[in-house]
Amino acid sequence: MKDEYHKILEFNSDPESQLKILEEVTRISDRVPFFKEKLTASGLTEFKPAGIQVLQINLGNLCNQACKHCHVNAGPAKTEIMDLKTLKQCLEAIRNHRIPLVDITGGAPEMNPDFRWFVGELRKLDKKVIVRCNLTIFFEGAKYNDLPAFYADNGLEVVASLPFYSADRTDNMRGKGVFEKSVQGLRLLNENGYGQKDSGLMLNLVYNPSGAFLSASQKLLEDEFRHILFDRYGIEFNNLFTINNMPVSRFLDYLLRSGNYIAYIEHLVNAFNPVAAAGSGSSCGGSIV
Amino acid sequence: MEKTYYNPDDLKKFGDIGEFQKDYADKFFEWYGAVFSEGALTEKEKSLIALAVAHVVQCPYCIDAYTTECVKNGYSNSQMMEAVHVGAAIRGGATLAHSVQMMNKVKDISL
Ligand code: SF4
């Protein structure tokens, strides 16, 4: 179902224009109430901060990939990299606020020249660290080849993106050949103990839909990923998390250009889940991004 | 008055059919929900059956809804097309099977 709103809502990557486009949808469609109204209708109150349990740090938008849906507009030519001074300030904040969990993301966070140093400092502070890994970074040259071993030595939890268990859908979203490299990347992680019974090294996968539709149930997809990745490639992992694409940045641009914008937002709003919202009130309430 | 018989936006209004007959609509949606939830068949399998049937009954709303559902559930393009072929084959076969009636009748009325 194509909508015509791309003609009036031109994509512009600056955050303010994007916010305007997102606000505009409530005017165009009578099926998109405000989030606040949804919360009230479900008897929930607005989210309130509840201490800081997680600090998510984006080390920059430099990435070896340039996925079509990327909500941080990352890519190989990007230059916004978190500098050493800011990383030191983050460490200070982590120390002072006793934040137990640090979630490192990007771009490809490993491309930040201070990534390994930063992980080392977090280890000294005895923090639990999650790294968001795109799996193809391991093959971007000699300096990245040993990353799986580096992760394992430092006991990092790996959250790896794999949009689908087939090459067509994955490559369509993330670039030609990405699926095959991702499979190799997952094998390397398994060889280093990740996703293996009793190793204590967690390998969690993230699925996100490869187009203008929402995710199927997490349980269904986790079972299929587990079964297919093991049968076809011998790959093992711990959990699969299903997420939906945020209608911002490149994905918003795609929605507008493909004429799927309004329908997608309506689906997203209709899929509001009061139980999850109540849960995020307590979990997002403890995160700083 | 609409200029076309089918309007994609009408799919969103399916839930409003209770406006003219609430009791039956409520019963229908309850039954519909039960039919599509996990039973001896999974929700995923049911979505593929629905896609094939949607083509056989040529309902553009159902084709729209169940194509999305099947993609979402991880069916590949070729699996979905094969399901449509199964529906088409049954439809074609059903037409041809009726030709036996035609043949019988021809034989009945022929010298
Ligand atoms: S790998 Fe992640 S950060 Fe890099 S372009 Fe793709 S979605 Fe964006």
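# A tutorial on reading this structure

Tutor: The residues around the ligand are A:Cys63, A:Gln65, A:Ala66, A:Cys67, A:His69, A:Cys70, A:Ala74, A:Gly107, A:Asn134 and A:Arg174; a residue is listed if one of its heavy atoms lies within 4 Å. This is a predicted model, in which local features need pLDDT of at least 70, side-chain atom pairs count only at pLDDT 80 or more, and totals for chains, interfaces and linings use all residues. Residues are numbered from 1 along each chain as its sequence is written, chains are lettered from A and ligands numbered from 1 in the order in which they are written, and side-chain values use heavy atoms, with hydrogens and water left out.

Student: How many residues of each class does the shell around the ligand have?

Tutor: Ala, Val, Leu, Ile, Met, Phe, Trp, Tyr, Cys and Pro count as nonpolar, Asp, Glu, Lys and Arg as charged, and the others, Gly among them, as polar. Here the shell holds five nonpolar, four polar and one charged residues.

Student: Which residues of helix 1 of chain A are buried?

Tutor: Buried means under 20% relative accessible area, exposed over 50%, and partly exposed in between, with a 1.4 Å probe and protein chains only. Helices are DSSP runs of H or I with at least four residues, numbered from the N terminus. In helix 1 of chain A, the buried residues are A:Ser17, A:Gln18, A:Ile21, A:Val25 and A:Ile28. Seen down the helix axis, they fall within an arc of 105°, so they line one face; the arc is that of the directions from the axis to the C-beta atoms. On the other side, A:Pro15, A:Glu16, A:Leu19, A:Lys20, A:Glu23 and A:Arg27 are exposed.

Student: What covers the buried residues of helix 1 of chain A?

Tutor: Contact means heavy atoms within 4.5 Å. The cover includes helix 10 (249–258) and helix 11 (261–270) of chain A.

Student: Which residues touch the most other members of the largest nonpolar core?

Tutor: A nonpolar core is a set of buried Ala, Val, Leu, Ile, Met, Phe, Trp, Tyr and Cys residues joined through side-chain atoms within 4.5 Å. Among the 67 residues of the largest one, they are A:Tyr151, A:Leu205 and A:Phe225. Helix 9 (residues 218–233) of chain A gives the most to this core, with five residues. Apart from it lies another core of 14 residues, including A:Ile21, A:Val25, A:Ile28 and A:Tyr264.

Student: Is B:Ala50 buried or exposed?

Tutor: B:Ala50 is buried, with a relative accessible area of 12%, and belongs to helix 2 (residues 43–56) of chain B.

Notes. Helices (H or I, at least four residues) and strands (E, at least two) are DSSP runs, numbered from the N terminus.
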